[in-house]
Amino acid sequence: MARAQLTGNSVVAVIGAGTLGRCIAFELSMSGHRVVLFDKNPDSVSPDILRSASFAMLQPLWRLGYIPQDMVGRAVANITPASTLEAVAAARPALVIEAIPDTLALKHEVLRALERLCPPTTIFGTSTLNLSVNDIAAGLSRPANLLGIRFFHPVLLIPLVELTPGTATANDVVLEVQRYMALLHKTSHFGPTKRVLDRVQVNNYQLRTAHELGYHQEALPVAVPVHQHGQH
């Protein structure tokens, strides 16, 4: 079966509504992309909770000049909550990004279930930091559809995304995800790495990259260095 091209109209499922999962979902929603956000705890994906979380996360960024105010309101506008994997699959996502705890058995359990439920062309991205993509893929029936997709936190401020293909990952999967990340104004590089940026490095990287590329989040204002806000 031919794989459908990932576009701004594609449905993307984010599995896990923790800090990283919510950040990814908010970023996609603010870009106008349709998102299904899953968590086994229905309260974690309730509209009121998501609105509150988006406001707490994004309002300070607006006040510091990182994003325009209207983006704060768009953070949940395109998110559909789900508390069962069946509900996720019913949306027929073209891409699934898991952001669940870094436990191999748990990732196998969730991804195997989604493989059974989702279309055979669905691409799966794992956000793992500590596990091998090959080890995760080894437990799946369609390992060619899996690769590592690691967003750097804070997701909204860093245009870098790390893609880590496994030995079984299909080349067209890698190219399609790389192209889709470009639609989100993300710069893909290939991993794996284990580096986690601290707050100062995050700010400096965002500032430098914005200048180099000539844009940030499609003409958002460039953030000023942390120390100019009296924060060290």
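View 1. Glu 162 has a relative accessible area of 2%, so it counts as buried (under 20% relative accessible area; over 50% is exposed, in between is partly exposed, with a 1.4 Å probe and protein chains only). Its strand, S7, covers residues 160-165 (strands are DSSP E runs of at least two residues, helices H or I runs of at least four, both numbered from the N terminus). This is a predicted model, where local features need pLDDT of at least 70, side-chain atom pairs count only at pLDDT 80 or more, and totals for chains, interfaces and linings use all residues. Residues are numbered from 1 along each chain as its sequence is written, and side-chain values use heavy atoms, with hydrogens and water left out.

Arg 150 makes a salt bridge to Glu 162, with the closest N and O atoms 3.7 Å apart (a side-chain nitrogen of Lys or Arg within 4 Å of a carboxyl oxygen of Asp or Glu). That pair ties together distant parts of the chain, Arg 150 being in strand S6 (residues 146-151) and Glu 162 in strand S7, twelve residues apart. Arg 150 is buried too, at 9% relative accessible area.

**View 2. His 189 also meets the Glu 162 side chain.** Leaving aside neighbours within four places in sequence, residues in contact with Glu 162 include Ile 149, Phe 152, Phe 190 and Pro 192 (heavy atoms within 4.5 Å).

**View 3. Glu 98, Asp 102 and Lys 107 form a salt-bridge network.** Lys 107 reaches Glu 98 at 2.7 Å between the closest N and O atoms, and Asp 102 at 3.5 Å, N to O. Lys 107 is buried at 0% relative accessibility, while Asp 102, at 29%, is partly exposed. Glu 98 is buried as well. Across the whole structure, a search turns up six salt bridges.

View 4. Most residues other than glycine have a negative phi.
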